[in-house]
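Please read it with the coordinates open.

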Protein chains: 2
Amino acid sequence: MTATPPRITIHDVAARAGVSTATVSKVVNGRYGVAAATNERVQRVIDELGYEPSLVARSLRSHRTNVIGILVADLEPFSAELLKGAARGIRGSGYELVVYSAGGRTNDQIGWEHKYLTRLVGTLIDGAVLVTPTIVDAPSEVPVVAVDPHRGRTGTPTVDSDNLNGARIATQHLLDLGHRRIGFVAGRSDLESSRLREKGYRTALAAAGIAINPELIEVGGYEQEFSETAAHALLTLPEPPSAIFAANDLSAIGVLAVAHSLGMQVPADLSVVGFDNVPESVLADPPLTTVNQPIQKMGQMAVELLLSLLAGQPIAAEHLTLPTSLVVRQSTAPFRTVKPRRGGRLARSAKGRSPAKA
Amino acid sequence: MTATPPRITIHDVAARAGVSTATVSKVVNGRYGVAAATNERVQRVIDELGYEPSLVARSLRSHRTNVIGILVADLEPFSAELLKGAARGIRGSGYELVVYSAGGRTNDQIGWEHKYLTRLVGTLIDGAVLVTPTIVDAPSEVPVVAVDPHRGRTGTPTVDSDNLNGARIATQHLLDLGHRRIGFVAGRSDLESSRLREKGYRTALAAAGIAINPELIEVGGYEQEFSETAAHALLTLPEPPSAIFAANDLSAIGVLAVAHSLGMQVPADLSVVGFDNVPESVLADPPLTTVNQPIQKMGQMAVELLLSLLAGQPIAAEHLTLPTSLVVRQSTAPFRTVKPRRGGRLARSAKGRSPAKA
DNA sequence: CTGAAAGCGCTAACAG
DNA sequence: CTGTTAGCGCTTTCAG
């Protein structure tokens, strides 16, 4: 155990400068009513000692901190991307940013966002952006903006993207390529975005006159590991799908991994589409066809919305839904009737053989 | 202005449950010495009211918070990537993570890390990871690990990557392609990593028997905007370089932008190499040849080091330097003697014309 | 212009 | 087992 750090407090400064703590406080905060000479002397001592007021003590006293919080369940590709946008949104606002992470594995526990919010709000932060919260509480007294909330829309301002249409066009892309047996690796049913993505999948299929086959739907929970299990189930079916739409990129990357381990070539033997367009999707092998969400922009808008709220300004819209779009890369290809499976292994010369069968 | 949030405090709970605040505190913290009946009653009130202790008030009192801080100047690709690794490192440790961002534009002010560290340490966080700090103080009483510190190595444990060799192999790659006039977009001279990268550039050139030409070196400050100015100066030289090595990917992306605006084709007319291998480098047009730093791993190791320190365990090594490697993508090509410039515009049919001249 | 005193929400002795 | 008291580091009236 390390020794208690000898923090330099306002008392140390006051003692050394021969004034009261109240005076030091005034100097630090640039309040009026301090003689120029005193001010200078105190300032010198502050510099000497390298004194810096404790954010915590200060915010406990004055319920204004000029800090906004971004609460995330974990720091994964999606939230990391969002943070870049959030940083852009806060620039020049005079506010500072604190990101609080529940630490990943805590996220099985529902309602983490409420816990962290109440823990911090009113003391450390003036307002918060909640990233993919499972529950958005009854509108709290403190300004809160939710990004991609799990339970649809409530009283709190919200930023999300068009999950329904994104899923539709992703599925449609696969249909256009001639695929008919299209698997779906679902997200988490408690999340609104996840439900909408599944709905988009179903809608597109229905519109094409294809009946939903329950055995082609497996839950991957938005996580790579679970998704690998799901993908395995799908791909070892007696009659496996020729294409899989995964509810997010991490899941799609899991599908890719399983396909490879099964000796399948993507996209020759299996087409895969993801959702999110996180940077990792480009790095995937092969680069993933996916649905683009303007994640950074979502982060930026959420922060800007929060800043308006904090300033007491009316906000343009309660709920912002940003458009999604399809990004075609190399994980999708036209459906081929003949599957050149030979004893479980696949022929290597598949490329460019049978043409599309749209 | 929004009304003061009616935070539910320990007093509210105490009053409602008909006990003292001390008792509530004991219940919350699971201390011994509370009657089962009381415990249950208090617990019920806590649930009813949705009470959650203020992290701030608590940490002010008990100087242990189980929270570690990651202090960054800004949330850009590098730090965002690092956070993913940090999150992995903290998983299962029981600690929580707070990321504190100075908010970008504050970073012209040197020493932000000291300020934020003293602001938070001893009150909000038990220890910290400093990301690219400009100054690493005399070893503080509180556990601190620096990632890619700017001023070489001091008493504080450090995680970085092999900047010198990375820069060497990047430059060598360009030399191997036959380039002789190789420009350099430098970082910030106050940063150790930046100095090492410049040194690597100079070393490689010297080893190839090429004299350093000062007019081929411009400062880009690790920022895209500055780097564009630097690149513009370089590319409008009477005798411009045929290749540019940029001190980081953001700078290289700036170089790409300027090259395009000048009507140059990359890599046909200009080869560009970056440094970092952030996800953005793959997204660049064309995908950037760059030096890979294991950024996520650096974040993870930094956190693990800090955790050891916090646990009072001896650490394996004071200074960890992870290896760097070259990632060849599409922004580099062999040098061509003849530059098909025609009135400032470039012929479109450059591809595959004159062969390498290594 | 300056300082004494109160108190933010909480925990840690110590009495009762 | 429970409550009282003190005080973490700071800001804020309010007297002097």
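In which sense do β8(A) and strand β9 of chain A pair, and over how many bridges? The pairing is parallel and runs over 3 bridges, where two strands count as paired if DSSP finds at least two bridges between them.

1. Basis of the note. This is a predicted model, in which local features need pLDDT of at least 70 and side-chain atom pairs count only at pLDDT 80 or more, while totals for chains, interfaces and linings use all residues. Residues are numbered from 1 along each chain as its sequence is written, and chains are lettered from A and ligands numbered from 1 in the order in which they are written.

2. Chain A overall. Chain A holds 12 helices and 14 strands; helices (H or I, at least four residues) and strands (E, at least two) are DSSP runs, numbered from the N terminus. Of its 358 residues, 50% count as buried, the term being used for a residue with 20 or more other C-beta atoms within 10 Å of its own, against exposed for 12 or fewer and partly exposed in between, with C-beta atoms placed from the backbone. Among the contacts in chain A with a separation of 6 or more, 70% come from residues 24 or more positions apart, a contact being two residues whose C-beta atoms, placed from the backbone, lie within 7 Å.

3. Strand β8(A) and its partners. Strand β8 of chain A, residues 243-246, is covered on both faces, with A:A243 and A:F245 buried on one side and A:I244 and A:A246 buried on the other. Strand β6 of chain A (residues 182-186) runs parallel to β8(A) and is joined to it by 4 bridges, with A:G183 opposite A:I244. Towards β9(A), residues 271-273, A:A243 stands opposite A:S271. Together with helix α10 of chain A (residues 249-261), β8(A) and β9(A) make a right-handed β-α-β unit; right-handed here says that, with the strands pointing away from the viewer, the path from the first strand over the helix to the second runs clockwise.

4. The contact between the chains. Chain B contributes 51 residues and chain A 52 residues to the contact. On the side of chain B that touches chain A, at least two residues come from each of α4, α5 (77-90), β2 (96-101), α6 (112-120) and α11 (280-283) of chain B. That side of chain B has 26 nonpolar, 14 polar and 11 charged residues, where Ala, Val, Leu, Ile, Met, Phe, Trp, Tyr, Cys and Pro count as nonpolar, Asp, Glu, Lys and Arg as charged, and the others, Gly among them, as polar. Strand β2 of chain A (residues 96-101) and β2(B) run antiparallel and are joined by 5 bridges, in which A:V99 has B:V99 as its bridge partner.

5. The DNA strands. Around DNA strand C there are 25 residues, of which A:S20, A:A22, B:I10, B:A22 and B:S25 come nearest; a residue is near a strand if its C-beta atom, placed from the backbone, lies within 6 Å of it. The surface near DNA strand C takes the most from α2(B), with 5 residues. Around DNA strand D there are likewise 25 residues, with A:T9, A:I10, A:A22, A:S25 and B:A22 coming nearest, and the largest share of that surface, 5 residues, comes from α2(A).

6. Helix α2(B). Its buried residues are B:T23, B:V24 and B:V27. They lie on the same side of α2(B) because they cover an arc of only 100 degrees around the axis, taken from the directions from the helix axis to the C-beta atoms. The face turned away from the buried side carries the exposed residues B:A22 and B:N29, and what covers the buried residues includes α1 (10-17) and α3 (36-49) of chain B.

7. Backbone features to check. Please look at the cis peptide bonds that join A:V266 to A:P267, with omega about 10 degrees, and A:D285 to A:P286, with omega about 0 degrees. A:D148, not a glycine, has a positive phi of about 50 degrees, and this residue counts as buried, with 22 C-beta neighbours inside 10 Å. In B:N277, also a residue other than glycine, phi is positive and near 60 degrees; B:N277 is buried, with 26 other C-beta atoms within 10 Å.
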